[in-house]
Amino acid sequence: MTHQLKDGGQVLNVGMLARVEGEGGMHIEIKDRQVVDVKLNIFEPPRFYEGFLRGRKYTEPPDITARICGICPVAYQSASTEAMETICRIETTPEIQLMRRLLYCGEWIESHALHIFMLHAPDFLGYESVLEMAKDYPDVVQMALRLKKAGNDLMELVGGRAIHPVNVKVGGFYRMPTVAELEALRPDLARGVEDSLAAVELVAGFDFPDMEQDYTYVSLRHPDWYPLERGTEIVATSGVRFPVAEIPQHIEEFHVEHSNALHARFDGATYFVGPLARYSLNFDQLTPRCQEAAVKAELGETCRNPFKSIIVRTIELAYAFEEAVRIIDQWRDGHPPSVPVAPRAGEGVGASEAPRGTIWHRYRIDDDGVIQDAQIVPPTSQNQASIEADLRLAAQQWVDLDDHSLTHRCEEAIRNYDPCISCATHFLDLRVVRDGAGKPADAGAGS
Amino acid sequence: MTATAPHGLAEPHGVTEEQAQTHSHAHGEEVPPASARPKLAVWKFASCDGCQLSLLNCEDELLSIAEAVHIAYFPEATRAVVEGPYALSLVEGSITTPDDVRRIHEIRAQSGVLVTIGACATAGGIQALRNWADVDEYRSVVYAHPEYLRTLDTSTPIASHVDVDYELRGCPVDKKQLIEVLAAFLNGRKPRIPTYSVCVECKLKGNVCVPVATGQPCLGPVTQAGCGALCPSYGRGCYGCFGPQDSANTESLTRQLVELGMPADDIVRVYRTFNAGAPAFAAASDAVAADARDRAAQERGPE
């Protein structure tokens, strides 16, 4: 929405960002062609998960925290189970870890396919939604739906349900899927590898605006593979690295007035989590086919153009399909689905790589397993400051565009992050103000 | 941003015969223009997005749905916004802020049929746990500056504020049930959604009874069907995603949970999850909590 101010300045308002998960908006103030203020407003209401987790049992967070987000419940389930097992000093089995990774592949496939084709691609192809895109690109949309469905099918088998899986518990699973059940999904997953590698070429052909920043990328890292369900340490492009247990010593959350989602600092500074960070810090762990696809897409081993996140996401999509097939091919029946986990007083951290970036949970429990304290830090809240930095740069770079085009470009700069606002508040309002006075002309919904 | 035609993209008219058959154009029917189709709106309040995602998860049906209705407002899926009134509004999420209260009345005013989707919209969701707690304390546990927040002390279902035409259960909703509800309202009939318990679904599937065989607590006897007895099929007790069935006998279930040896605190928590605010579950949990308080008072003896 655009407002003309009396002094000739302007206010652009986007009250509700579209094609993101959850509710938020943008506020940008421009004075004499200079961007003077940028805010990502998150007005999705708080639900107080950390509040009501106190007093619940250590076995409950996988089911409860899954409800923070319908798009990435497995990320929450993985981080919470890992934290509780760390506190209780339990190591599960390699097979349980492998099955967790397979479930996580399902979530990456479902979430990445949703964002790449249904939420992000319409920006590059000039459509309001995937439904309109479907009229002109039926083959692409049919493929996207097929890929997404393969991810959901995998989650339904391993997790019992695609949204809020029921089969996950502290210590492992209630039931292991069988070789026969997994084999039935293999053909669609194998086809997914080929389709998503072809899709890398497709999205690499989009027109990308030139915009780069010198981000501090932060990601999990695992010695043996590309990070999904867990990692052994946190690594950053600044050269810092430390074990997962030390995350709370390096990442500090803080509350700003314009957001119901807490912001965060990494060693005191703005940082970036998500596919671009993961890719740039773990390129060596990708499969040869994914690395080849990246080279062919002229991506380089580090990518600093946030608009190109769609290419990286598509490479990760192919990777998740390849991993799923690899795990299914080595699966054997007969492994116990879980190990017993007795409560033990203590504090611990669990972290995983949600489709949109690193998520970590910290819990403190007592001897009876009752939760005394909980902290849940999802990727979108950690990325808020980076999103605002991108908005500032994009608004300045394209300041001479008309209001409609500038607003659209700024919305795109936000969608590059695949922000999940439901996660972040466990909350987004988009506004552009062009003005000399500094006060937005419209308070906007819910801010 | 419009791109120059990227290589590798299909020609706009390159639909294969196989795809055409799965499409409603198959019999040569023209899709009616948007203006002739009923307008669908999807609204969100406090929630996880999972129930509206269920609509996007209808991969096999999504394009047909988009041809049967005019998706007029659905921010998660499209930037396009078409003004109301709307023939059918799907509402996700619970009412937790003063602004929500205003907004749901506006939505009701411009909706022909209003259907709530999921446990948040129908029972208040997991965030209804605040109804038993000190919200000021929650604010200060989670946020450094509670004064920045505007939030109500309660999380309440949509029907506590406006008339609702149909409440679809589930945390999340089941996508087949969601399609049934869409089809029913588009055709002016009542949705065919069973209101019996999960136990019925479980027996039909031939599952071994989880509480009998393993001693795990199971809300199946008091929970409405709809998930296909998912948890028992995976060897765990039902945890009540679809909320209380009609005339749920929670007293009997509470007795059974006591017999299984569950402490009162644990029983209270079993009833207080994603449908904690549903009247039957709220009453059952309150009864167990009150009983435990009375017992503790008796044990302490007269002051």
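Reply:
**Strands and their surroundings**

In chain A, strand β13 (residues 357-365) and β14(A) form an antiparallel pair over 6 bridges. Two strands are said to pair if DSSP finds at least two bridges between them. Helices (H or I, at least four residues) and strands (E, at least two) are DSSP runs, numbered from the N terminus. The model is predicted: local features need pLDDT of at least 70 and side-chain atom pairs count only at pLDDT 80 or more, while totals for chains, interfaces and linings use all residues. Residues are numbered from 1 along each chain as its sequence is written, and chains are lettered from A and ligands numbered from 1 in the order in which they are written.

Within this pair, Y363(A) has A374(A) of β14(A) as its bridge partner. The pair belongs to an open sheet of 3 strands in chain A, ordered β12-β13-β14 with antiparallel pairing. β12 (346-354) and β14 (371-377) of chain A stand at the edges with a single partner strand each, so one side of each has no neighbour in the sheet. On average, neighbouring strands of this sheet are turned by 15 degrees against each other, direction ignored.

Helices lie across these strands. Helix α12 (residues 379-397) of chain A lies across β12, β13 and β14 of chain A, at about 125 degrees to β13(A). Such angles, from 0 to 180 degrees, are taken between N-to-C directions of axes, which are lines fitted to C-alpha atoms, for helices over the stretch in contact. Two residues are in contact if their C-beta atoms, placed from the backbone, lie within 7 Å.

Helix α9 (residues 275-282) of chain A also belongs in this picture. In α9(A), 7 of the 8 residues are buried. A residue is buried if 20 or more other C-beta atoms lie within 10 Å of its own, exposed if 12 or fewer, and partly exposed in between, with C-beta atoms placed from the backbone. Among the buried residues of α9(A) are R278(A) and Y279(A). The buried residues of this helix pack against β12 and β13 of chain A, and also against β7 (218-221), β8 (233-236) and α11 (309-330) of that chain.

On a wider scale, the domain assignment, which is automatic or from a database, divides chain A into domain 1 (2-46 + 384-434) and domain 2 (49-212 + 261-380).

Leaving aside residues up to four places away in sequence, A318(A) touches several residues, including V193(A), L197(A) and C290(A).
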